[in-house]
Every structure is written in C-alpha cells, then in structure tokens.
Amino acid sequence: MNAPAKPIVSVDHLRVEFPTRGGTVIGVEDVSFTIAPGETLCVVGESGSGKSVTSLSLMRLVEFGGGQITEGALTFARADGSTLNVATASPEVMQGVRGNEIGMIFQEPMTALNPVFTIERQLTDGLILHKGLSQQAASARALELLKLVRIPEPERRLKQYPHELSGGMRQRVVIAMAMTCEPKLLIADEPTTALDVTIQAEILALINRLKREKGMAVLFITHDMAVVAQMADRVVVMYQGRIVETGTVTDIFENPQQDYTRALLAAVPKLGEMKGKTAPERMRLIGDEAARAAAVAPKARKPEVLLDVRHLTTRFPVKGGILRRTVAQVHAVEDVSFTLNVGETLALVGESGCGKSSTGRSILRLIEPTSGEVWIGGRDIRALSHHDLRRARADMQMVFQDPFASLNPYRRLKDQVSEPIQNFGLATGQALKDRVEQLFDRVRLPRAFMTRFPHELSGGQRQRVAIARALAVNPKLIVADEAVSALDVSVQAQVLNLMMELQEDLGLSYLFISHDMAVVERVAHHVGVMYLGRIVEIGPRASVFENPQHPYTRSLLSAVPIADPRKRRFADDLTFKPITSPIFPLGHTPAPSTYTEVAPGHRVLHP
Amino acid sequence: MRRFLTTKGIIGLTLLTIIALIAILGPLILSPDAATAMDMTARRSPPSWKHPLGTDQLGRDLLFRVILGARTSLEIAVSAVLMSIVLGLPLGLISGYFGGRTDNILMRLVDTLLAFPALLLALTISAVLGPNVQNTIIAIGIAFTPFLARIIRGEALRVAQMPYVEAARASGTTDVMIMVRHVLPNILPAVIVQGTISLAFAILAEAGLSFLGLGTQPPAASWGLMIQASRDQLDIAPWTALVPGLAVALTVLALNMVGDVLRDILDPRSK
C-alpha cells in the first residue's frame with residue numbers, strides 16, 4: 001500500500017479471556033494490527049487460532065459468546081472524525097456502530113438470513129433503524145443495494161424469501177445487508193467457506209470491487225491460504241491466540257520468517273504445481289522426513305481393473321400432494337460409467353449437488369441405485385442379495401467427511417475399529433487385539449488412544465481412526481467422501497500423505513470424492529468431473545487438468561483460487577452459469593451419456 | 001463412582017436412599033394396622049407430639065400412612081414406568097431406525113393409543129382386568145407406553161441419520177447390532193429423562209385410579225389415595241394434602257437429580 005492513510009482501525013495488545021468453570025481460557029493474547037482505508041487485511045489461521053475471536057471483539061460481539069476483553073485498546077475512527085475505543089464503549093454506542101459503521105458478513109449464508117422475512121424487509125430494517133429513512137426511501141435504497149452487489153433481476157428478488165435464492169445469491173444479499181449503511185470497515189468471517197468454488201470466485205471478486213469503489217477497509221478472516229493470496233494487501237498469521245507473523249502478502253508468501261508460516265504454506269496444495277507429472281505425489285511437509293524419502297519412486301503396476309461401473313443411475317423420488325405420491329424425480333446420478341484400477345485413485349470432482357457423493361454411496365449400495373452395474377472382483381454388487389451384500393462390503397469401505405460425526409461418541413475407539421473385524425468374524429481374542437494394535441500403529445496413532453473416546457481426539461486424529469476402521473477388513477476399495485475437507489490444512493496434508501502411503505503399501509484403490517481441485521491434482525491418477533449427475537469429462541489427471549475440454553471443467557478450474565499472490569486472476573466481476581435443477585418430471589428419459597475420446601483415455605461428454 | 005459425587009448426585013442419592021429405606025423397612029417395622037387405626041378423638045388434628053404430621057378426616061395418623069403408602073406408590077410407579085420402557089423402547093427404536101412403512105404402521109398404532117387420555121386408557125384396562133396392584137401396574141404401564149415410544153422414535157430417527165450409523169452399515173454391521181451398539185447408547189439420555197418424569201406422573205395416575213375405585217383399595221394407604229382424600233378438606237386441614245404431596249415432590253426431585261447425574265456419567269464427553 002502506498003502512503004498509508006490514518007488507519008480506520010488499530011488494535012493494540014488485545015487480550016480476550018473466556019471465564020469457564022475449569023478456569024480462564026485465553027482466546028487471544030497480545031494481538032495488535034491496523035487497517036487503513038481501502039486496504040484488505042487477512043487474518044489467517046487454523047481452527048482455534050483466535051481469528052474469529054479477534055473479529056468478534058472488533059464488533060464487541062465476543063461478549064455474547066461469554067468472552068471478555070481484559071486488556072488492550074480497539075481504536076476505531078468514526079465517520080464524524082472522532083475516535084472510539086471499542087473495548088470500553090457503552091452498549092448503546094456499540095449498537096449505533098454495528099451494522100452502521102462496521103458491517104459484517106458471516107460464514108453461513110443459509111443461517112445469516114431470517115427465513116420468515118422477505119429480502120426487502122431484511123435490507124430495509126437497518127436503513128430505517130440507523131438512518132431514519134421512510135419505508136419508501138428505504139425500499140428504493142434496498143433496490144440500489146441489490147444492484148450494487150449485481151444480483152440478477154433485483155426487483156423480483158426484493159419480494160422473495162431467502163429459501164427462494166441460491167447460496168451464492170444469498171451471500172450477495174448478506175453482503176448487501178452489510179453494505180446498507182456504507183460502513184467504513186467490512187468484517188468478513190470465512191465468507192466463502194460454505195460456498196462452491198465458482199460462487200466463491202464471484203463473491204471474492206465482489207468484495208474486491210466494493211472495497212475499491214467505496215474505499216472501505218476490509219478485515220478478512222479465513223483459513224484458506226489460497227484465498228489469502230488472492231485477496232490480501234497485508235496478512236496476519238495467527239496460531240493459538242497469538243500473532244505469529246505480520247507482513248505484506250508477497251512477503252508472507254515469498255519470504256516467510258517464521259517456521260509456522262512456512263509449515264502452513266508447505267501444506268497448501270497449489271493448483272498447477274503438478275504440471276508435467278503423471279503420478280500423484282505426497283505433500284512435502286516440513287519436518288516429515290519419511291514423506292520426503294518415500295516420495296521418490298512410486299511402484300509401477302500393471303493396470304488391472306478393480307471397479308467397473310456401468311451406466312449407473314440413481315434417482316430419488318420427490319413426494320408431493322396430500323397423498324405423498326411421487327411427483328418428480330431427482331436425477332442424482334445419471335448414466336455414469338468408469339473404471340478404477342488396482343492401486344490407483346480416481347477422483348470425482350464437482351460442486352455441491354452434482355451427484356459425486358450419491359455416486360460413491362450408490363456403489364457401496366448405501367443408497368439403492370435405480371439401474372446400472374457395479375462390478376468389483378468379478379461380482380455385480382447391484383445383483384447381490386442383502387446377505388451377500390453384507391459379505392461383499394468387506395471389499396469396499398468408506399471414509400466420511402465429518403470426523404466428528406462418523407464416530408460413535410459413546411464407544412471406545414478400539415471397539416469402533418474392531419467392529420468391522422468382528423462383523424466378518426476375521427479374528428477374536430488376542431488376534432483381534434493384535435490386529436487393532438497394528439491398525440493404530442499403521443495410521444500412526446499411539447496405542448494409548450485405543451481405550452479413549454472420540455471427543456478426546458482432535459479432528460485429524462479422529463480421521464485417522466476412521467481410516468483405521470476402514471482398513472480393518474483389508475478392503476480393496478476405499479470410497480473417501482470429502483475425507484479431508486473438514487480438516488485444517490496442515491492436518492489435511494498429513495492425512496493425505498497417510499492415505500497415499502497406505503495406497504503404495506497395501507495396493508488400495510481410492511474413489512476420492514472432493515470439491516477441492518488442488519487436492520485432487522495432488523492425489524489422483526484419474527479424474528472425473530461431474531455436473532448434474534453426469535460425468536462430463538474423465539481421463540488421466542494430467543490430461544484433464546492441463547487440457548480441459550468441457551466448458552464446465554474449464555470454468556471450474558478457472559474459479560479455483562491459487563495460493564500465489566502473483567497469480568491473481570479475478571476479473572472485476574465474474575458470473576458463472578448457475579447450475580440448473582436436476583429435478584425432472586416422472587417418465588422423463590434423459591439421453592444416454594455419449595463421449596468423444598480427445599486423448600488416450602480422456603473422454604468428454606457430448607453436449 | 002467418583003463422578004457421582006457432585007452436590008446434585010450426593011443430595012439426590014441420599015434422598016433416594018432414605019425414601020427407598022422407608023418404603024422397604026416401613027412395612028417390616030410397623031404393623032399394617034398402623035395406617036388404618038382410627039383415633040376418633042383426634043380427627044383432622046394438626047401436627048402435634050402425638051401425631052407428628054397430623055391426622056386425616058378419620059383420625060388416621062398421617063406419618064404412618066405416608067410411610068406405609070410409600071411402598072405401594074413406588075412399587076406401582078417404578079414397575080409401571082419400567083413396563084412402559086420395556087414396551088416403548090423396542091417400538092420406538094424399530095420405528096425410528098427403519099423408518100418408512102414400518103414406522104408408519106407402528107406409529108399409527110401408537111397414535112391410536114395416544115388419542116385416548118392416558119388416565120382413561122388406564123381406567124379401561126384396569127376395569128377390564130379387575131382392581132388390584134398388579135393390574136394397576138399393567139394399566140399405567142400400557143397407558144404410558146405411547147409417550148415413551150414417541151420420544152424414543154424421535155431420538156432414534158435422529159441418531160439413525162448420523163454418519164457413524166452409516167459407517168457401521170458400510171462396514172457390514174447388521175441392523176440389530178447397529179441398533180444395540182450405536183443407536184441405543186445414544187438415545188439412552190432421552191430415555192432416562194423421560195423415565196424420571198414419567199415416574200412422577202405414574203404416582204399421580206395411581207392416585208387417579210385409586211380415587212375411581214380401581215387402584216389401591218381403601219383403607220390401604222398410597223400417596224395418591226391420600227392426596228385424593230384430602231381434596232375436600234384443603235381449607236380446614238391443608239396438612240392432609242401437604243404431607244403426601246411433599247412425599248411425591250421429594251421423590252420426584254430425588255429421581256430427577258439422580259437421573260441427571262446418571263445421564264452425565266453415561267456420556268463419555270462429560271468426563
């Protein structure tokens with residue numbers, strides 16, 4: 001930034017404490033930074049780093065979560081030229097500042113809007129309250145705001161309720177709400193974390209444009225280094241409630257001073273860094289010598305098909321009317337075919353609702369497919385009886401997204417890991433105990449964890465338990481459904497490395513379901529891009545990523561933020577084509593999927 | 001056991017022990033006549049040295065009646081609630097876990113039972129079976145089943161959607177084992193809470209049945225019967241209602257406290 005103006009906000013030695021029954025917990029300690037007008041400051045850190053506590057303190061909302069600002073000053077330059085110490089201001093003064101001079105955008109656009117009020121009502125409330133506008137004037141301003149955030153058909157949107165809008169449009173409305181009173185400071189707390197990449201790209205571009213046009217200061221809270229690289233002027237890296245490092249975005253990315261920052265950056269997969277390589281490669285983690293040594297030569301295998309999916313189709317009924325008859329169908333998976341080789345990874349990528357999870361579940365018959373064949377080890381899973389299916393499940397296991405919900409909170413970890421073994425009667429007594437110990441060693445968890453309960457472990461540790469459980473019966477195929485999406489980047493990198501190591505050692509095949517293109521580029525041998533229930537493009541990873549043919553693949557790749565501040569590519573405003581509905585009337589027969597082969601093994605769906 | 005030693009746990013457990021001892025030892029120490037012996041010279045006498053808790057309209061000593069009534073009341077309430085859990089738990093669990101058609105059929109059955117006021121249902125059942133303690137238990141037990149089944153179904157429905165249930169299914173666990181190992185432990189807190197609340201209602205339901213001549217038969221004592229008998233003399237002898245009322249209230253309080261602590265202990269997260 002040139003010629004730093006008088007900062008809008010300066011935070012000085014902030015300390016926030018949370019008094020609990022077990023003693024005082026320190027939320028953040030000794031945090032200081034400033035934000036100038038027209039500047040974006042990104043606060044980045046992993047969960048528990050205190051980044052959200054910092055942003056909530058600026059609004060003095062931290063009190064509502066049971067926290068107390070015990071030290072430090074939060075000086076805010078008000079619109080009338082006076083300064084205000086947020087830490088000591090009266091609740092009445094803060095009410096006048098919140099939403100009026102400081103705007104805030106929250107993570108979850110679904111819950112940040114009140115479902116029982118129209119968009120107009122939600123936008124005009126703040127105007128009538130803070131600016132004393134008449135109903136008419138407020139409505140006119142609300143329309144202006146919707147135009148500002150470039151929502152299509154703004155007049156119609158005013159009269160609509162939140163559930164009638166898509167996730168991206170809702171987040172635009174949330175931003176419009178934050179902009180109602182033209183705040184001098186906009187706080188965005190993980191505003192795009194819950195959104196698909198294309199929508200994320202749109203929202204980030206929108207925030208950038210508003211910042212420039214209105215000269216706002218932006219405090220941007222995120223865990224995503226790639227988003228930081230695209231958005232920040234300056235960066236604050238936080239760890240366990242303290243600031244680790246502060247600097248300009250290029251300094252942080254190109255010349256990090258602290259070990260923690262370096263480790264964080266090393267753990268972030270960067271889209272495009274696998275260019276020219278054919279096989280997946282483990283992440284190079286600082287301090288993880290084993291990974292570095294093993295990353296040399298992946299064993300060459302003779303391709304041998306393990307999983308052969310043919311014309312898989314899964315539809316869900318949409319019930320309606322008083323008789324709850326089926327009135328329409330969701331075509332969740334539509335004529336999907338692919339093969340997966342022994343010891344390889346096929347990644348299914350796409351945005352929410354594209355059918356990638358349904359495909360994985362249909363293959364395991366956790367949901368019943370409507371038609372198609374799923375061949376694994378010479379058997380058609382679709383044709384198996386209930387009893388045989390249970391037996392067949394020893395060959396195919398699943399790792400779920402949420403490590404908090406996929407383990408039973410009431411059972412000890414050793415019981416959860418041994419359950420699959422007992423289900424198939426593979427071992428009992430001492431042999432069972434040995435096997436479970438082995439599995440804990442295998443996923444690098446201390447054996448002492450065996451008698452613990454899930455809540456005693458961190459997210460990454462729980463995901464290791466989930467992997468151990470999946471490995472327990474020596475499966476050939478593991479369906480990993482967003483298995484690393486809920487983890488912090490450094491933990492994500494470790495779990496990814498573990499999965500790749502297990503693949504090399506045990507010859508596992510992964511069906512890797514993910515929305516994260518950068519992670520997929522790192523781990524996959526083959527990639528299938530899904531859109532509206534169909535695979536629109538499938539082929540070897542290098543071919544699909546370096547030579548994308550289908551327009552959807554291209555827009556998906558162009559939307560992914562890259563963790564390199566010199567590769568910013570957000571245009572002023574982006575609008576990607578919204579995904580159309582996969583709901584069709586009963587009896588609708590869609591055309592079969594037909595493909596053109598553009599390169600060896602690289603097929604693209606006919607439009 | 002160490003985790004029982006919270007203030008709540010100690011008070012609740014002590015209270016409950018005392019009440020249980022009274023209910024068990026009372027009939028062994030006192031002669032059954034103590035509850036029915038009438039002192040016509042001291043009808044409706046307020047608490048005094050001779051009658052520490054006063055007497056009722058027939059001059060019967062309330063202290064003896066409350067002690068000897070404890071067993072009847074608690075026996076009926078505890079057995080009836082246990083019975084409703086034994087019936088309601090599998091019903092709710094199966095309904096909530098399998099959902100769909102099974103759920104529809106079972107829940108319409110439960111709804112039919114729910115449509116009748118619980119007391120009316122108990123009344124009908126005990127009228128058909130005949131008035132005695134065992135039949136009172138059956139009547140109240142059946143009448144309370146739909147409430148438990150409904151609550152358990154709701155919980156089972158929630159737990160059945162959890163990823164750990166899907167994970168168990170994916171790793172080849174049978175439906176029965178999933179219900180026993182995964183669903184049951186996770187719905188137990190709700191069962192404990194609803195169970196302790198039901199106990200208070202069961203004591204009162206027994207009173208209602210007794211009042212209508214179908215529960216405990218006079219002159220035998222039960223807390224519910226005593227509360228009913230005090231109904232028309234609240235203005236002149238309020239202690240006749242207060243004594244059994246306090247007995248019910250203290251029992252429920254103790255049960256709730258113990259239930260709360262028990263729920264916390266069962267939850268590994270509260271360690």
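Some ground rules. This is a predicted model, in which local features need pLDDT of at least 70, side-chain atom pairs count only at pLDDT 80 or more, and totals for chains, interfaces and linings use all residues. Residues are numbered from 1 along each chain as its sequence is written, while chains are lettered from A and ligands numbered from 1 in the order in which they are written.

Start with chain B. It has nine helices and zero strands; helices (H or I, at least four residues) and strands (E, at least two) are DSSP runs, numbered from the N terminus. The C-alpha trace of chain B spans about 75 × 45 × 30 Å along its principal axes. Of the 271 residues in chain B, 43% are buried. Here is the burial rule: a residue is buried if 20 or more other C-beta atoms lie within 10 Å of its own, exposed if 12 or fewer, and partly exposed in between, with C-beta atoms placed from the backbone. Two residues are in contact if their C-beta atoms, again placed from the backbone, lie within 7 Å. Among the contacts in chain B with a separation of 6 or more, 68% are between residues 24 or more positions apart.

Within chain B, look at helix H3, residues 100–115. Its 16 residues should span 22 Å at 1.5 Å a residue, and the end C-alpha atoms are 22 Å apart, so the two agree. The expected span is 1.5 Å times one less than the number of residues. H3(B) is hardly covered, with one buried residue among its 16.

Helix H4 of chain B, residues 118–129, contains Leu120(B). Is Leu120(B) buried or exposed? It counts as exposed, because it has 11 C-beta neighbours inside 10 Å. Leu120(B) is 89 residues from Leu209(B) in sequence, and their C-alpha atoms are 9.3 Å apart in space.

In H7(A), 13 of the 18 residues are buried, so the helix is largely enclosed by the rest of the structure. After H7(A) comes Gly215(A), with a positive phi near 60°.

Next is strand E8 of chain A, residues 217–222, where six of the six residues are buried. One side carries Ala217(A), Leu219(A) and Ile221(A), the other Val218(A), Phe220(A) and Thr222(A), and both faces are covered. Which strands run parallel to E8(A)? Among them are E3(A), residues 40–44, paired over five bridges, and E7(A), residues 185–189, joined by five bridges. Two strands pair if DSSP finds at least two bridges between them. Thr222(A) is the bridge partner of Val44(A), and Leu219(A) is that of Ile187(A).

There is also an open antiparallel sheet of five strands in chain A, in the order E15-E14-E11-E12-E21. Its edge strands, E15 (379–380) and E21 (583–585), each pair on one side only. Inside that order, E11(A), residues 305–320, and E12(A), residues 325–341, pair antiparallel over 12 bridges. One of the bridge pairs is Gly320(A) with Arg325(A).

Further along, strand E20 of chain A, residues 534–540, has six of its seven residues buried. Six bridges join it to the antiparallel strand E19(A), residues 526–531. Their hairpin has two residues between the strands, and Leu532(A) takes a positive phi near 55° there. E20(A) also pairs antiparallel with E23(A), residues 602–605, over two bridges.

Helices H14(A) and H16(A), the latter residues 459–471, pack at an angle of about 30° with axes 7 Å apart. They are therefore roughly parallel, a label for angles under 35 degrees. The contact uses Leu413(A), Gln416(A), Val417(A) and Pro420(A) of H14(A), with Val465(A), Ala468(A) and Arg469(A) of H16(A).

Last, the contact between the chains, which takes 23 residues from chain A and 17 residues from chain B. On the chain A side, strand E16 (396–399) and helix H14 (413–423) are the elements giving two or more residues. H14(A) gives the most, with three residues.

Technical notes
Axes are lines fitted to C-alpha atoms, for helices over the stretch in contact, and angles run from 0 to 180 degrees between N-to-C directions. Angles under 35 degrees count as roughly parallel, over 145 as roughly antiparallel, 65 to 115 as roughly perpendicular and the rest as oblique.
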